Amino acid sequence: MTIAIRDDLTYILLKQIGSAQGRGESEIRNAAEEYVGRDVPEAELLGHLDYLNQREFIKAEFSGEPYGGSELLPPLVAFQEADLTQKGRKLLQKMETNPPKSLHQEGSAVPIASKDMPFLEKVMVNGNMEDIFDARDITEVVYRIMRDVMTTEASDRVEAELHKEVLPTEDKTLQTEIADLWKDTNPLVGLLSRVRQPLRGPAPVGIDGNLFARRVELEGSLPSGVKPETAIAGVFSATKDELSEERIQEIAGFLPDRIRGIWESA
């Protein structure tokens, strides 16, 4: 059974686990059901808790082996209790500052609107990062390497579809469009990239999957514990939400071997 992770229910679970009102299964379930106004299916509750646990927003204890958050067999898995991690507290603080819109709507069976989340928040959450500025910097690096393997014409077509703000914020350093992250901030490098041929093929002449990931690791200053493939997937997932199917397929044709696999599964 596949479930959709919901931002509103995620918020309620984080808030309950982080409170002093109980962190066991019954207290968490009661808080969730009080909010949604009905029984929460076991698979849905377990899926959300496993999702938060897998991404280290909570430290949960299960009996049995939960696996991945979207496909679970409830009879084989039982939740016991959980604590909020430091990473989870930061996420809760961000959500409290800007609560999910569905919390204020009539009824509450609203699926997670991951597509409605601000771009950089999606990169941060999906890329297992704790800082919005890390998400911005790593996005710029991933985009730079993507442009390196693409033609200028294809890059321009991608940029044309990325005119959306990266994050609603009063912080002027983050007041920009996704397209601004796509463009190179160094004018000279940007000019040279428009006249050279795409760097495709095996290293060292071209950029293969290993070199792509290695450059993200070296140029992106990844947070401790974040693998380059995880960061790449976070950027890819958020980016695909902003692109047409035609652009998605076009980009896939330029990406090297295993990086294309990350793109297609993101």
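A search of the whole structure turns up one cavity of 30 Å³ or more. By cavity I mean a set of points, on a 1 Å grid over the protein atoms alone, where a 1.4 Å probe fits but cannot get out. This is a predicted model, where local features need pLDDT of at least 70, side-chain atom pairs count only at pLDDT 80 or more, and totals for chains, interfaces and linings use all residues. Residues are numbered from 1 along each chain as its sequence is written, and side-chain values use heavy atoms, with hydrogens and water left out.

How much space lies in the largest cavity? About 60 Å³, where volume is the space filled by probe spheres set on the grid points, joined across faces, edges and corners.

Around the largest cavity you'll find Phe 57, Lys 87, Lys 90, Leu 91, Lys 94, Met 124, Val 125, Met 129 and Glu 130; lining residues have an atom within 4 Å of a point. Helices here are DSSP runs (H or I, at least four residues), numbered from the N terminus.

Now to a helix pair. Helix α6 (residues 132-148) packs with helix α10 (residues 209-219) at an angle of about 145°, their axes 9 Å apart. Axes are lines fitted to C-alpha atoms over the stretch in contact, and angles run from 0 to 180 degrees between N-to-C directions. On the α6 side, the contact (heavy atoms within 4.5 Å) includes Val 141, Arg 144 and Ile 145, while Phe 212 and Arg 215 are among those from α10. Thanks, everyone!

Note on methods: 1 Å grid on protein atoms, 1.4 Å probe; cavity = no way out; pocket = protein on both sides within 12 Å on 5 of 7 lines; lining within 4 Å. Helix = DSSP H or I, 4+ residues; strand = E, 2+ residues; numbered from the N terminus.
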